[in-house]
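Here are my notes for you, written as numbered points. Keep the model open while you read.

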Amino acid sequence: MNLKKMIVVATLSSIVLMVLIISVFAAWSPNYVLLCPKFGGWSNPSPRVQKTDSNNAVYKVMAAPHFLPIYGDLISNATGERTTEEYYQVWAGYSVDMSYISGYGNIGSYHQARIASSDFEPDSRNVTIKFKP
């Protein structure tokens, strides 16, 4: 293989790799800070994010100021109804896969995240999350 062909192959390979990396990272929402109410109340929902693939949702708590558990789910921005099968317990620094209720996990649909604290949490707190519908 001559040098010109090697450069073309390397350039095309780099472009394909960049497109794949961008598409993987583009599916995640930005980090959102949600105010988690005390004693198990649900937060206001995050801004909506469009589902771009056929996988289950993934939810990650980036930072939380306390050690009590945090619960999260996704809701429909159109109806306000839960779109995941249940709410999931998520610890700071970890992520969890969420299964959709039948009919809600379609590509192109919009979802919002929300969080709740433990029933024993005496203080409201800001929690940083991100999610991939």
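1. Let's start with Arg125, which is buried at a relative accessible area of 3%. (Buried means under 20% relative accessible area, exposed over 50%, and partly exposed in between, using a 1.4 Å probe and protein chains only.) Its partner is Glu121: the two side chains meet in a salt bridge, N to O, at 3.6 Å. Glu121 counts as buried too, with 2% relative accessibility. A salt bridge here is a side-chain nitrogen of Lys or Arg within 4 Å of a carboxyl oxygen of Asp or Glu. Side chains of opposite charge can pair when their charged atoms come close.

2. A quick word on where this comes from: the model is predicted, so local features need pLDDT of at least 70 and side-chain atom pairs count only at pLDDT 80 or more, while totals for chains, interfaces and linings use all residues. Residues are numbered from 1 along each chain as its sequence is written, and side-chain values use heavy atoms, with hydrogens and water left out.

3. How many salt bridges does a search of the whole structure find? Five. Have a look at the network that links Lys51, Asp53 and Lys132. Asp53 meets Lys51 at 3.7 Å, N to O, and Lys132 at 3.5 Å between the closest N and O atoms. Helices (H or I, at least four residues) and strands (E, at least two) are DSSP runs, numbered from the N terminus.

4. Now find strand β4 (residues 70-76). Six of its seven residues are buried, so the rest of the structure largely encloses β4. Seven bridges join β4 to strand β7 (residues 110-117), running antiparallel, and Gly72 has Ile115 as its bridge partner there. On to β5 (residues 88-90): three bridges join it to β4, again antiparallel, with Ile70 opposite Val90. (Two strands pair if DSSP finds at least two bridges between them.)

5. Last stop: Ser29, in the loop between α1 (3-26) and β1 (32-36). Ser29 counts as buried, at 7% relative accessibility. Leaving aside neighbours within four places in sequence, Ser29 is in contact (heavy atoms within 4.5 Å) with Val49, Lys130 and Phe131.
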